[in-house]
Amino acid sequence: CVFVGTDEQGVPRHAHKRSTNSLGKSFKVNVEGSRPQYSFHHVGRDSVLYVLEAPIDMLSFLTLYPDRWQEHSYVALCGVSAAPIHRLLEAQPQLEEVVLCLDNDEAGHKAARRIAAELLREWNVTVSAEFPSQKDWNDELLSFRQEYNESMTMTM
């Protein structure tokens with residue numbers, strides 16, 4: 001899969017490649033020459049920006065929480081750099097609340113603390129964090145679907 005991030009005029013500025021092969025060796029890589037501040041994102045109309053580590057986590061999060069998803073803004077960092085957040089806060093003045101939805105591991109928690117401190121120093125926003133109960137939001141979705149399927153099997 002290739003996840004493309006665009007600038008305000010819709011011009012592609014960033015591409016993140018991820019393998020879909022679950023049986024073999026997987027890879028995740030930003031295409032050379034990509035500008036990280038333009039990573040894969042969606043801009044909504046309200047004041048909330050959800051921040052996720054990877055595009056697949058962003059899509060998984062949207063699947064888990066589809067209610068009024070178009071109204072909110074989302075960005076996949078394609079790592080843990082805050083550059084995409086800064087660009088969106090600059091380009092979208094309606095954004096006042098940042099929800100860090102990073103991985104539930106040591107690196108994700110450390111990145112959330114670092115990014116929150118950075119944003120609070122530089123922007124007039126509120127910052128919170130929401131972590132999945134699994135390692136990441138894709139694992140959360142897979143776990144949810146497995147539990148759902150098992151419950152459906154038991155009720156039949």
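Visitor: How do the axes of helix α2 and helix α3 cross, and within what distance do they come?
Guide: The axes of α2 (residues 83–91) and α3 (residues 106–122) cross at roughly 30° and come within 11 Å. Helices here are DSSP runs of H or I, at least four residues, and axes are lines fitted to C-alpha atoms over the stretch in contact, with angles from 0 to 180 degrees between N-to-C directions. This is a predicted model, where local features need pLDDT of at least 70 and side-chain atom pairs 80 or more, while totals for chains, interfaces and linings use all residues. Residues are numbered from 1 along each chain, and side-chain values use heavy atoms, without hydrogens or water.

Visitor: Roughly parallel or roughly antiparallel?
Guide: α2 and α3 are roughly parallel, as the angle is under 35 degrees.

Visitor: And which residues of α2 and α3 meet?
Guide: From α2, Ile85, His86 and Leu89 meet Ile115, Glu118, Leu119 and Glu122 of α3, contact being heavy atoms within 4.5 Å. That contact has four nonpolar residues, two charged and one polar.

Visitor: Switching topic, what lies nearest the centre of the largest pocket?
Guide: Arg18, Lys28, Ala54, Asp57 and Asp103, out of 13 lining residues. Of that lining, seven are charged, three polar and three nonpolar. A pocket is an open set of 1 Å grid points that fit a 1.4 Å probe, with protein on both sides within 12 Å along at least five of seven lines; lining residues have an atom within 4 Å of a point.

Methods: Ala, Val, Leu, Ile, Met, Phe, Trp, Tyr, Cys and Pro count as nonpolar, Asp, Glu, Lys and Arg as charged, and the others, Gly among them, as polar. Helices (H or I, at least four residues) and strands (E, at least two) are DSSP runs, numbered from the N terminus. Angles under 35 degrees count as roughly parallel, over 145 as roughly antiparallel, 65 to 115 as roughly perpendicular and the rest as oblique.
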